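Here is a briefing on the structure shown below. It covers the interface first, then helix packing, salt bridges and backbone details.

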Amino acid sequence: MGCAAAAGALLLTITGCAGTGPAAADVDLGPGPAVAGQVKKGALDGVTLTFTSYGGIYQDGQEAAAVKPFASESGAKVLSDGPTDYTKVKAQVDAKNVTWDVVDADTLWAKRQCGKMFMPLDKDIVDTSKLPKGTEDKCSVPAMSYGVVLMYDKKKFGDNPPKDWADFLDTKKYPGKRAIPGFASDAAPGALEAALISDGVAPDKLYPLDVDRALKKLTSVRSSLVFWDTGARSQQLLESGEVSMAMVWSGRAYSAVKNGAHFAPQWNQFLPVSDSLAVPVGARNPKAAMALINYYLGAAQQTKLTELTSYSPINTDAKPKLDTLATQYLTTTPERQAQALQVDNDWWAKNQEQVIQKWSDWLAR
Amino acid sequence: MTALIEIASPATGGRPRKGAGGRWGWLLLPSLVLLAVLFLVPLGLMVWRSVSEPTPGAANYSWFFTSDVALATLVRTLTVGAVVTLVTLVLSYPYAYLMTVVGARARIWLTLLVLLPFWTSLMVRTFAWVVLLQDSGVVNQILGTVGLGPLQLIRTPTGVVIGMSQVLMPFMVLPLYAVMSGIDRRLLDAAQGMGARPAIAFLRVFVPLSLPGVGAGALTVFITSLGFYVTPALLGSPDQALISQQIFTQVNGLLAWGRGGAMGVVLLAVTLVLLGLVGVVLRLTRGRGGAR
């Protein structure tokens, strides 16, 4: 068992790596439709799965809330790996030697790779009835939820806080540096939407995104922009007070404020984002992998995940107990949802590659 | 010890005796096999991907040479490498010289001072620079007290050069020291005996003799700097990306392994061409200097 995880591809071809558990067809997950958060006792005895995510508190939380209880109930042995790396997914799928069974990946990427890197989920195994509307996809389900949110310096703008993304990029009205995501190898909802809103586009007329217009707008304020490309860095920018406003992930915003950063969120027009769980094409035991995903989506598991990580739960029945500050950063409450900017994930998934190319070219200019 | 110094410094003269490797040559076999499997095969795959993905042909290369951004990144990478080389040379030359003139105990301390950071994880050192160089960091606080206002150091090419120079300094100091410690001091005395002032003796006798160390150090630092990823990623800004970061974008963000491969091949080719040029220059200067 687990020899696939330990041995390199070279060794695998030599030893054949026999005995990775019952074949997919042998798994009996019990009668009746699946219920999120449940798995038949002992159904996966002798099966080994590998769960891959981004590490840190996030993956620790996922393991404590869902992966470990799943292993003890189902009898499966679940290994952990990470961080998720798209090239590794591609390498495994291309080489037809897939060692990752459940992968936590960016939602847009999972959408984009549906049918290529990831296989369709069997809705008889994965119960999606408790997911917020519009969040499930053919090949993936959300793993949690958070937001891209506007944070502003309370000391500077406390009396007259910025109201929306137009104010965020208005450097005359609100002087100072702005931190925005600057991933050269990635582009996601956020900066481009903010630029277009600031350039006068109505929030409900954003899509299809006019990327060139957005970049032109960003160029005009480029000297005031500071780019961050790790969550830790964005948090550090808030805590050190180097910027007067920032577009950051809500989880990092919460951590920064908890550490004493003098910032407050403006939730109006925040962009909801999430990670997703998916099963790579060629996974050795797709049924078992999907059973793990189904278990992960349970209300109890999602409640615990939120309490451990401060990410928002994606099961509508989950009722996490949080301190006052953490409650303020939940993104899935009805009142927050009403403030959210409607992001067209389908447009993003379809056009992300071209956007990344344009975005990274613009960044490097 | 002699052997070590000989390897490190062409200046002390002798190349290994011919035929010395003959009897023991087979000892090289394991490392050659390792090199073939772990280096040549992946390199071959990279070249192959660069001409076969997504479609066979030279499309990835024509993309590279017609993309303003890709070319600008290549130039930026070479420029940063050259500046880092210059900075480490300027800092390391007097340092290595000092190492040759102090006593044995002080030399141990000086060596430790270079090597200690070298033994520390690259990530740790880079994060330390992030803390030091940020707008509200120690460096800017000190600059503030002397009235030099906060300078933006992090997320600029300056920050990248500072971080990379510190990381690469041992690669400059050690070859310099190896060559300098082999220079016969009596030559300086002789020059002064012939009437040269100390500064002139140093410039006309010591510096030329130390040039092989400068060459070895500069080459190592420059070529190593071309492949740097972590330091520019953390200390630089995404809008000042070096070629390694652009390769990451292509390979990881876009899964365009062909383009990433082509960028790698171009970088390798540029490095080899530069190496060749330096080799030619070195041979010319050595020829002019005559046999020692």
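**Interface at a glance**

Chain B and chain A bury about 2400 Å² between them, and 53% of that is on carbon and sulfur atoms. Buried area is the accessible area (1.4 Å probe) that two parts lose on being put together, summed over both. Arg155(B), Pro238(B) and Leu255(B) supply 25% of the area that chain B buries against chain A, more than any other three residues. This is a predicted model: local features need pLDDT of at least 70, side-chain atom pairs count only at pLDDT 80 or more, and totals for chains, interfaces and linings use all residues. Residues are numbered from 1 along each chain as its sequence is written, chains are lettered from A and ligands numbered from 1 in the order in which they are written, and side-chain values use heavy atoms, with hydrogens and water left out.

**Contacts between the chains**

- The contact takes 30 residues from chain A and 29 residues from chain B; contact means heavy atoms within 4.5 Å.
- One salt bridge is found across the interface of chain B and chain A.
- A salt bridge is a side-chain nitrogen of Lys or Arg within 4 Å of a carboxyl oxygen of Asp or Glu.
- Arg155(B) forms a salt bridge with Glu242(A), with the closest N and O atoms 2.9 Å apart.
- Nine residue pairs are in polar contact between chain B and chain A (both at pLDDT 80 or more).
- A polar contact is a pair of N or O atoms within 3.5 Å; within protein, one must be able to donate a hydrogen and the other to accept it, and residues adjacent in sequence count only if both atoms are side-chain atoms.
- On chain B, helix H4 (68-101), helix H11 (230-235), helix H12 (243-253) and helix H13 (257-289) each supply at least two residues of the side that touches chain A.
- Helices (H or I, at least four residues) and strands (E, at least two) are DSSP runs, numbered from the N terminus.
- H12(B) gives the most to that side of chain B, with seven residues.
- By class, the side of chain B that touches chain A has 13 nonpolar, 11 polar and five charged residues.
- Ala, Val, Leu, Ile, Met, Phe, Trp, Tyr, Cys and Pro count as nonpolar, Asp, Glu, Lys and Arg as charged, and the others, Gly among them, as polar.

- Chain B has 13 helices and zero strands.
- Its C-alpha atoms fill a box of roughly 70 × 65 × 35 Å, taken along the principal axes.
- Helix H3 (residues 59-66) of chain B packs with H4(B) at an angle of about 75°, their axes 5 Å apart.
- That makes H3(B) roughly perpendicular to H4(B) (the class for angles of 65 to 115 degrees).
- Axes are lines fitted to C-alpha atoms, for helices over the stretch in contact, and angles run from 0 to 180 degrees between N-to-C directions.
- Phe64(B), Phe65(B) and Thr66(B) of H3(B) meet Asp68(B), Ala70(B), Leu71(B) and Leu74(B) of H4(B) in this contact.

**Salt bridges overall**

- The structure holds 16 salt bridges over all chains.
- Asp94(A) forms a salt bridge with Lys90(A), the closest N and O atoms being 3.2 Å apart.
- Both residues lie in helix H4 (residues 86-94) of chain A, four residues apart, about one turn of the helix.

**Backbone details**

- A cis peptide bond joins Gly82(A) and Pro83(A), with omega about -5°.
- Another cis peptide bond joins Glu53(B) and Pro54(B), with omega about -10°.
- Lys96(A) has a positive phi of about 50° although it is not a glycine.

Definitions and conventions:
Angles under 35 degrees count as roughly parallel, over 145 as roughly antiparallel, 65 to 115 as roughly perpendicular and the rest as oblique.
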